[in-house]
There are 10 protein chains.
Amino acid sequence: MISSRNEVTEMIVAAKVAKGITWADVATKVGFSKEWTTAACLGQMTLDEQQAKVVGDIFGLPEDAVRWLQVVPYKGALPTAVPTDPLIYRWYEVVSVYDSTMKELIHEEFGDGIMSAIDFSMDIQREPDPKGDRVRVVLSGKFLTYETW
Amino acid sequence: MISSRNEVTEMIVAAKVAKGITWADVATKVGFSKEWTTAACLGQMTLDEQQAKVVGDIFGLPEDAVRWLQVVPYKGALPTAVPTDPLIYRWYEVVSVYDSTMKELIHEEFGDGIMSAIDFSMDIQREPDPKGDRVRVVLSGKFLTYETW
Amino acid sequence: MISSRNEVTEMIVAAKVAKGITWADVATKVGFSKEWTTAACLGQMTLDEQQAKVVGDIFGLPEDAVRWLQVVPYKGALPTAVPTDPLIYRWYEVVSVYDSTMKELIHEEFGDGIMSAIDFSMDIQREPDPKGDRVRVVLSGKFLTYETW
Amino acid sequence: MISSRNEVTEMIVAAKVAKGITWADVATKVGFSKEWTTAACLGQMTLDEQQAKVVGDIFGLPEDAVRWLQVVPYKGALPTAVPTDPLIYRWYEVVSVYDSTMKELIHEEFGDGIMSAIDFSMDIQREPDPKGDRVRVVLSGKFLTYETW
Amino acid sequence: MISSRNEVTEMIVAAKVAKGITWADVATKVGFSKEWTTAACLGQMTLDEQQAKVVGDIFGLPEDAVRWLQVVPYKGALPTAVPTDPLIYRWYEVVSVYDSTMKELIHEEFGDGIMSAIDFSMDIQREPDPKGDRVRVVLSGKFLTYETW
Amino acid sequence: MISSRNEVTEMIVAAKVAKGITWADVATKVGFSKEWTTAACLGQMTLDEQQAKVVGDIFGLPEDAVRWLQVVPYKGALPTAVPTDPLIYRWYEVVSVYDSTMKELIHEEFGDGIMSAIDFSMDIQREPDPKGDRVRVVLSGKFLTYETW
Amino acid sequence: MISSRNEVTEMIVAAKVAKGITWADVATKVGFSKEWTTAACLGQMTLDEQQAKVVGDIFGLPEDAVRWLQVVPYKGALPTAVPTDPLIYRWYEVVSVYDSTMKELIHEEFGDGIMSAIDFSMDIQREPDPKGDRVRVVLSGKFLTYETW
Amino acid sequence: MISSRNEVTEMIVAAKVAKGITWADVATKVGFSKEWTTAACLGQMTLDEQQAKVVGDIFGLPEDAVRWLQVVPYKGALPTAVPTDPLIYRWYEVVSVYDSTMKELIHEEFGDGIMSAIDFSMDIQREPDPKGDRVRVVLSGKFLTYETW
Amino acid sequence: MISSRNEVTEMIVAAKVAKGITWADVATKVGFSKEWTTAACLGQMTLDEQQAKVVGDIFGLPEDAVRWLQVVPYKGALPTAVPTDPLIYRWYEVVSVYDSTMKELIHEEFGDGIMSAIDFSMDIQREPDPKGDRVRVVLSGKFLTYETW
Amino acid sequence: MISSRNEVTEMIVAAKVAKGITWADVATKVGFSKEWTTAACLGQMTLDEQQAKVVGDIFGLPEDAVRWLQVVPYKGALPTAVPTDPLIYRWYEVVSVYDSTMKELIHEEFGDGIMSAIDFSMDIQREPDPKGDRVRVVLSGKFLTYETW
């Protein structure tokens with residue numbers, strides 16, 4: 001029996017490489033954005049029954065695994081407090097270098113509160129540029145105001 | 001004598017609150033984006049002589065401080081490996097929850113490499129929304145490919 | 001010049017002991033709950049101009065400090081990742097022992113999402129009990145659902 | 001042979017997903033609150049013989065596992081000092097942001113001591129709200145006074 | 001103005017060395033055990049008005065400091081997670097080497113629960129021994145049972 | 001082949017639960033205190049050949065395991081620098097809150113040195129008390145003086 | 001099925017020792033520098049189909065493993081934040097002792113920016129020296145300037 | 001009186017910015033490489049009397065500071081285990097990504113031992129390149145063989 | 001296939017206990033000091049072909065393992081930054097208590113540099129003493145001087 | 001008033017550099033080994049009245065400081081868990097690389113117990129060697145046996 005979502009993620013990752021599937025294809029079949037679909041397949045989001053079946057078919061998962069895809073996962077999994085992979089580290093570096101800037105400017109515009117990481121979406125695109133193409137990432141999160149009571 | 005950029009940042013922050021200056025105003029006077037200007041005033045970027053003088057005038061800084069603004073700072077300053085301020089933490093959470101997603105999708109589109117955090121810009125805007133306004137952040141970084149040699 | 005909210009918090013704490021003021025009294029004068037008011041005086045919440053003036057009068061703060069009370073603070077300040085004070089540690093222990101329980105039951109009731117710590121309130125009361133009075137804490141936070149996009 | 005309570009918890013979790021059992025049902029059969037029952041099934045509480053048999057029947061556990069449910073477990077199991085799952089992190093954030101507030105107000109009401117995390121109960125409910133339902137958590141712990149000797 | 005209990009502890013420690021006072025003398029004057037009195041003077045316990053005045057007289061403290069002695073302190077202050085002083089480290093070592101033993105034997109005798117560190121007392125004595133005198137420490141804490149609800 | 005003492009400890013723990021053996025019984029058969037015997041069975045002490053055979057018989061261990069019981073173990077095994085189990089944490093808390101007190105009083109009585117954790121014994125007893133029984137722990141360690149050379 | 005690049009690295013390392021292959025030979029067959037080739041075989045670089053087949057032949061890898069060599073790996077894998085192996089630690093020591101020197105001199109020559117670790121190459125050679133041969137390492141990375149926007 | 005080398009380093013850094021001195025100039029006057037001279041001025045190397053006087057003249061240091069320059073410093077000063085400044089982090093990243101590569105290739109060439117970080121020199125140069133200038137760093141350290149005894 | 005030196009160390013340790021072999025015997029057969037031989041068998045040193053065969057015979061290792069003994073190992077393996085085993089901790093304590101003393105005295109005698117841990121040997125002997133035998137450890141390391149360039 | 005031994009250590013260190021005193025001279029005047037005397041002056045050992053006066057005279061300390069020298073200090077002061085200074089790090093490396101060797105050989109010779117770091121002495125000498133002088137350190141600590149009770 002499968003005892004964690006992690007085992008399902010490993011099955012998906014192994015099947016993806018073995019079968020040469022792309023995330024873009026998976027997203028098209030599931031019918032949602034490639035960002036959300038990838039996060040879901042990698043164990044960060046919960047799928048509904050219909051989505052889980054599609055994903056199960058694509059990767060050839062057993063029935064138990066399909067059921068696990070519908071269970072809310074334990075999210076977040078940086079293997080170390082500070083990430084070591086260079087691509088992921090650059091994001092941590094952005095947080096480290098621009099944290100006070102983001103804090104100051106968001107508060108200057110919105111007052112006290114946060115940008116939600118739950119009511120949130122992300123879009124990753126290639127931005128053609130003659131000096132070398134760029135990665136363009138748009139993050140959009142609802143602003144949530146601190147309540148006074 | 002001033003022995004670190006940090007002392008200059010404290011002078012700027014103290015003057016900003018005492019005089020009620022906004023970052024938007026500073027950016028207008030300096031002539032660059034509010035994101036870059038704020039990062040520079042908060043000790044993360046290097047100013048040229050002209051920019052440093054404008055910032056010195058706005059905040060009433062001594063000559064020594066104006067000179068320090070032109071010195072490359074020791075960047076990055078998360079007080080702890082995992083940030084505790086809720087607004088900043090949400091960004092760390094985005095890294096934690098979506099790290100594998102970003103890694104997979106950027107590599108699927110561009111191959112092996114990273115999104116630069118140096119040849120990089122950031123734009124923070126209010127996104128009006130009837131269900132509650134959103135914070136929209138656009139990050140743009142040049143894609144850098146791993147070299148084979 | 002004052003260069004951080006922390007200095008204001010120290011002034012408030014020093015004045016509170018020197019003058020023998022209670023948080024309940026401060027809350028009454030500010031006109032909000034004792035929980036929010038205490039958090040605000042201890043540097044975790046932003047006050048509006050009117051509230052800041054009342055707090056400034058109560059603790060005899062200089063004008064600069066009153067202005068700092070209106071600046072969004074860098075929140076959260078556990079001196080160590082795991083708190084050492086026994087009263088505060090017990091809360092960390094509750095998180096440690098009951099984390100999986102809270103996760104399972106909130107997801108069983110609401111699906112995937114979180115209980116907000118921003119649109120959030122807390123109420124602390126004495127609960128008389130013949131076997132020894134109890135501390136009763138009610139936490140109420142809006143449930144936020146993970147979006148699919 | 002089973003050599004830790006953790007193995008039993010994994011059996012329970014695997015069976016729960018495979019059989020589609022809810023914690024509410026388990027609690028009804030065990031005859032205690034859903035909060036205590038869930039904590040017990042997840043390896044944080046000790047069951048008596050009768051309770052262990054009921055749980056063993058529900059999840060189809062072997063006899064050895066039923067015996068392990070009656071052994072006092074090594075409690076607490078945050079995989080990292082600072083939790084990464086967003087739902088659980090929000091609780092850590094509450095401790096981080098409101099720790100001084102809770103300390104001040106509980107001491108103002110009760111004097112020196114702590115709120116027990118042992119003689120303690122928790123109740124999690126849905127609080128209907130037109131602006132979005134809320135999670136309402138009531139924590140009740142006996143106040144314990146520091147002794148002078 | 002004094003803004004933390006820590007400053008008071010430093011005054012006491014400085015005066016103790018300067019004046020050559022012993023903890024045993026302080027305890028006699030305060031009228032409680034040397035263990036509790038020392039802990040209180042070192043910023044871990046709260047004194048009542050009468051006790052605070054006696055301590056203030058002994059160490060020549062200003063009035064503000066006497067008031068701070070009556071404020072519940074932020075307790076616990078290991079400068080690092082693992083203590084470096086050899087005498088204190090030996091206690092940490094006892095926890096590390098005998099933790100499972102203490103857990104097993106206390107649970108075998110009492111069932112599930114803990115030994116309180118609040119309703120707790122400690123007595124430190126010299127135990128004469130021809131092979132070299134021993135330190136004998138008696139710890140006594142109320143057993144607290146986990147509640148079922 | 002068995003390659004660590006840890007494997008033997010797991011065998012003992014698994015057999016203890018499966019067979020319902022108590023540590024008190026084991027101690028009686030081994031002929032030493034329940035504290036030392038439990039520590040030895042849990043992999044913290046070295047047994048001589050005779051003791052190892054008795055323990056091997058009680059728990060039904062293979063010959064290799066009996067040999068491992070006679071090998072000096074790698075002692076100490078807190079899974080994290082700060083323990084998470086509430087019973088064990090209370091001991092860490094005692095170290096954290098009373099460390100300076102123990103240091104001051106032992107030095108006041110004995111001068112510079114430490115209480116040994118090697119030439120050391122521990123005795124855990126139930127202390128009946130009408131207000132709730134107490135755990136009474138007596139620790140006795142030889143005082144070791146720092147040498148001057 | 002193989003579920004991580006790490007498994008492939010272990011296969012390569014095991015085969016290398018069992019068959020007595022040198023990295024220099026592998027590099028010659030792959031047709032790139034020994035530095036890049038070794039990094040690639042050790043799971044830090046992505047191989048193209050042709051390179052992967054050559055490596056697969058050399059080490060006798062299964063087809064699945066050859067496919068994994070073409071997947072961008074999770075890079076970086078210091079087992080601890082501070083490395084314990086003496087050869088690797090010396091590099092960390094160079095960073096620790098000369099970090100401010102490198103920062104000052106690179107900025108003095110190039111202004112604000114970094115030396116890329118992506119558009120980067122490394123060459124390791126033996127430098128004969130009568131007082132004992134030396135290791136000569138040449139690192140070459142493109143300088144990347146911080147952008148102003 | 002000056003009680004640490006660190007105070008001297010701060011004086012040097014403050015004077016350098018105030019007077020607009022370059023490291024290249026300092027090195028010319030001291031008569032050694034710019035790498036060694038900068039490291040020495042930044043508190044990582046010991047100067048002899050003659051060198052210390054020259055440095056003292058350049059930066060206008062008091063006599064006490066000149067004496068401190070001749071005291072062996074406590075070297076190494078990464079403010080955190082993992083550096084946060086992007087320029088310095090890239091070096092840590094090189095260690096993280098290429099550590100196993102460096103270890104394998106140095107051992108393949110030299111056998112068991114290390115590259116010394118003591119009998120060591122470093123040379124930093126601009127490497128003109130039409131695709132963007134590069135930073136070229138040459139490290140040279142004596143190879144030290146592990147002894148057998 | 002064996003994929004790490006660690007597996008070989010486990011085989012050696014398991015065989016040592018199962019067969020009752022002493023390190024002194026191994027050293028005699030290998031023909032080097034007991035200190036170096038033990039370190040080599042425990043995975044910290046590299047053996048040559050002849051030595052590896054002798055060790056392989058003594059412990060009955062497979063051919064693959066004998067080959068691994070000749071591969072330079074990843075050295076150093078404290079399971080935690082601060083060791084928990086009391087015998088090993090005492091060494092860490094010596095470093096902690098006497099670090100500044102060793103630094104001052106070695107520099108006073110030799111100037112700036114280090115005591116090598118590579119060109120290094122260690123000798124552990126019993127030192128008979130009527131007040132209780134002592135462990136006498138002699139460490140001898142070549143002094144390496146910092147170079148000026 | 002002086003409130004910690006640390007302040008006294010700083011006075012001694014500052015005076016040592018300012019006056020050009022050597023530890024060897026101090027030891028001669030105090031009449032004990034240079035190792036113990038240096039440790040004592042650096043805040044790790046307790047001096048008696050006579051010794052404290054001699055040290056006070058040598059370094060020109062105020063009376064309060066002389067009294068503090070007679071107070072048992074909080075020992076051990078590695079600024080980080082893993083030391084960064086290369087000379088001190090080499091000692092940590094010795095612990096890391098040879099820990100299992102020391103453990104095995106001391107236990108093989110003495111049985112279960114430790115080498116005391118309290119009833120302990122250290123002797124540091126220059127060992128002339130044609131291939132480069134060596135640092136020879138002799139550590140001698142009483143063996144302490146684990147008691148059975």
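Modeller: Between chain A and chain H the count is 2 salt bridges. This is a predicted model, where local features need pLDDT of at least 70, side-chain atom pairs count only at pLDDT 80 or more, and totals for chains, interfaces and linings use all residues. Residues are numbered from 1 along each chain as its sequence is written, chains are lettered from A and ligands numbered from 1 in the order in which they are written, and side-chain values use heavy atoms, with hydrogens and water left out.

Biologist: Why is the meeting of H:R90 and A:E93 called a salt bridge?

Modeller: The term asks for a side-chain nitrogen of Lys or Arg within 4 Å of a carboxyl oxygen of Asp or Glu. These two side chains meet at 2.7 Å, N to O, so the pair qualifies.

Biologist: What makes residues of chain A count as in contact with chain H?

Modeller: Having heavy atoms within 4.5 Å of the other chain. By that rule, 9 residues of chain A touch 9 residues of chain H.

Biologist: And what is the area buried between chain A and chain H?

Modeller: About 660 Å², with carbon and sulfur atoms giving 49%. That is accessible area (1.4 Å probe) lost on putting the two parts together, summed over both. A:Y89, A:R90 and A:E93 supply 53% of what chain A buries against chain H, more than any other three residues.

Biologist: How do you know where the domains of chain A lie?

Modeller: The bounds come from an automatic or database domain assignment. For chain A it gives domain 1 (5–68) and domain 2 (86–145), and their C-alpha centres lie 26 Å apart.
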